[in-house]
Amino acid sequence: MSIYYYLAAFLFCLGLLGTIFKKDLISMLLCLELMMGGVALLFILFSKSTGFLDAQLMVIFTMIISACEVAIGLSLIIALYRKKQTIYTDDIKIITE
Amino acid sequence: MAADIFLTILTVVFALMVVFSKKTVVSAFALLMTLLSLAMIFFQLGTVFLSAVQVLINAGAIAILFVFVMMLINLEQFPNNREKSKVKLVISTFTMLVVLGVFALVINNNIETLSVVNLTDNSMKALFDKLFNAYFLPFEMATVLLLAAIVACIVITTHEKHENEEELQILKTEEKL
Amino acid sequence: MLEAMIEILLKTVVILALPLGALPLIIHVERRGAAFMQRRLGPNRVGPFGILQPLADVAKFMFKEEVHPTHVRPFFYTAAPMIALVVAILPLACIPVAAPFEAFGRTIFPEVFRSDMGIFFAFAASALGSYGILLAGWASNNKYSMLGALRACAQMVSYELSLSTSVVAMIFLYGTNDIHVMIAAQTGYWFGFLPKWGVFLQPVAAMLFLVGIFAESNRLPFDLAEGESEIVAGYHLEYSSMKFALFFMAEYIHMIALSALFIIMFFGGYSLLPGMELIVERAPILLAVLQVTSLIIKIGCMIWFFVWVRWTLPRFRYDKLMDLGWERLLPLGIANLIVTVLIVYFRNQ
C-alpha cells in the first residue's frame, strides 16, 4: 500500500509540470485533472491509515469540484475559440497589446 | 503486492503519456486510461463505492467532455510548430522536482505510520451517515456549486449565439418589410 | 483457490458467451420481424425458416476483403471496434442470471462480478459506452462519421441523465444497491395475481428508463448516429467486413445488457414468471434452471419490443430529440425522483 503514496505524489507533481509546461489550454486542463486524481488517491490512502471516513467524503467533494472546474473551463475555451480562433496561451495577450 | 506494483506502473505510464504525448487527443485518451486505472486502485484499496463513482463521473462524463470539445475545436488545424520556451521547461521541471522531493521526504519519514490500516467500517452506509449528518451543509453547498456551474456554462457558451439570433430576427423582420 | 478460479472462469465463459451465441438468433428475429411488419418474406432460404442465414452472413463477413482506407488514423481506427465491443460486454458481468444457490458444498453467485452495489457498477460500465463510437467517428477522418459520432455522444450523455434519475428513484424505493435484494423485493404477488414488479410501483420511471435505453443503444427512433438519409451511415461509414460486424455485435450486446438491467429493476429480473411456481413446487431442484429460463424469456420479449418499435416509429429530428431529452424527460425524471423520495421518507416514519 505504501507504494501508492509515492504514486499520488508523482501524479500531483506530473500534473503540476504539465500545467506549467503545456501550451494549449485543453492540455493544461487535462493536467489539472491529473493533479485532482493524485489528490483523490491521497485522500483515500489517508482515510485508510487514519481510520476516518471523512477523507473519503473529501474525495466525493473533489470529484464535484473537478466536474465544475472542467465544465466551466471547457466552456471558457469554447467561448475563447469563437472570439479569437485560438486555444494557445501565447496568442492570448489582450492586455499587453 | 504484485497487483499494487502492476497498477502503479500502469498509472505512471498513462500519466506520462498525458503530459508528454504530442497529440492532444492521445493525451485525452491517456487521461481516460489513467482515471480508469485509478479506479482500479480505489477498488484494490477497498473503497468500492468511490471506484464506481470514479468510473461513472470522471471516466464516463468528464473525459467525454474533453474529447467532445477537442472534436468540436478540431485541434489539427493548428500547426504543430510552436517555439518551445526553454525557460518554461526549466522552471516547470525544477518546480516539479522540488515539490516531488518535499513529498517524498515527508512520506519517507512517516511511512510506518502511514502504511498502517486503521479503517474498520468501510461500508457505504457508514459513509453516507457521515455525509448526511456531519457534512450536510458542505454537501448542500456542493449542489449549489454544481447548479451555478451549469448556469455559468450556459451563459458563457450561448452568449454569441444569442447575438446571432438577434441578428437573424432583425434580418427576418427586414425581409418581411 | 483453484476451485474459486475455476468457478470464476466457468461463470465468465458461460455468462459472457451466452449473449454472443444468441446474437445470430437475435439478428434473425430482427430481420424476420422486419419482414413480418412490412408484409414481405425476409430471409427464408438457408436452412429451415432461414435460421442459418445469420451464420452464412458471419461467414461472408469473415471472408470479405478488409478495406483499410488510407486517410484514417490507423491506431484508433483499428482500436475503436474492439473498444466498442468490450465496453458493451462489461455491464453483463454484474447481471445475475439466477438466485444464489448451493452446489458442490459452496454458495455460488451466478454472476461474474459479485458486489453489493452491482447496479452501480453496471451503470458505470455502460457509461463508457460512447467511447467506441466517438473514437470510430474521429479516427475515420470523415465529416459524416464525425457528425455521426458527435450526435451519438451528445445523445448518450443527455439521455443518461434522465436514465439515472429513474435508476436513483428505484434504488430509493427498494432501499438497496444489491441486485439480488432488489429482485427478492419483486418476488411474489399482490392480491394473489399481480406480480410485485417495479413497473407497477413506478410506471413513470419505467417509461423514462425505456426511452433512455433506446437512446443509449442508438436504436430507432433514436438512431441519429447512423441516419442513413442524412449522414450516409454515421460513425461506421469507413468500416468494412469484420470491423463493421464488431460494431453491429456491440450494438446488439449493448441492447441485451440494457434490457437485462431494465428487467432487473422493473420486471423482477430472474424471478419466476407467473405459473412457474407450480413446477418448482413439484421439483425444487429445477429452481435455478427455471430462473434462467424466465430471465431469457423476459429478455427475448424486450428484444422483440425493440424490433417492434424499430419498424413502427419513424426517426426523430435531432433538435426534437434533444428537446425531448432535456426539456421533457429530465424535469419529469427529477419530479418523479422528488415524489419517490417523499413517499419513501413518509413510509419509513
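Tutor: Start with contact: two residues are in contact if their C-beta atoms, placed from the backbone, lie within 7 Å. Leaving aside neighbours within four places in sequence, A84(C) is in contact with G132(C), I133(C), A136(C), L246(C), F247(C) and A250(C). This is a predicted model: local features need pLDDT of at least 70, side-chain atom pairs count only at pLDDT 80 or more, and totals for chains, interfaces and linings use all residues. Residues are numbered from 1 along each chain as its sequence is written, while chains are lettered from A and ligands numbered from 1 in the order in which they are written.

Student: Why is P110(C) called buried?
Tutor: A residue is buried if 20 or more other C-beta atoms lie within 10 Å of its own, exposed if 12 or fewer, and partly exposed in between. P110(C) has 20 other C-beta atoms within 10 Å, so P110(C) is buried.

Student: Where is P110(C) found, and what does P110(C) touch?
Tutor: P110(C) is in the loop between β2 (106-108) and α4 of chain C. Helices (H or I, at least four residues) and strands (E, at least two) are DSSP runs, numbered from the N terminus. Residues up to four places away in sequence not counted, P110(C) touches K11(C), P96(C), V97(C) and A98(C).

Student: What makes up the side of chain C that touches chain B, by class?
Tutor: First the contacts: 15 residues of chain C meet 12 residues of chain B. On chain C, α4 (118-127), α5 (130-139) and α6 (143-174) each supply at least two residues of that side. The most comes from α4(C), with 5 residues. By class, the side has 13 nonpolar, 2 polar and no charged residues. Ala, Val, Leu, Ile, Met, Phe, Trp, Tyr, Cys and Pro count as nonpolar, Asp, Glu, Lys and Arg as charged, and the others, Gly among them, as polar.

Student: How far apart are chain A and chain C?
Tutor: Their nearest C-alpha atoms are 14 Å apart, and the two chains do not touch. Among the 2 pairs of chains that touch, chains A and B have the most contacts.

Student: Which residues touch the most other members of the largest nonpolar core?
Tutor: A nonpolar core is a set of buried Ala, Val, Leu, Ile, Met, Phe, Trp, Tyr and Cys residues joined through C-beta atoms within 7 Å. The largest has 161 residues, and A8(A), L41(A), A28(B), A63(B) and A84(C) touch the most other members. Helix α11 (residues 241-266) of chain C gives the most to this core, with 18 residues.
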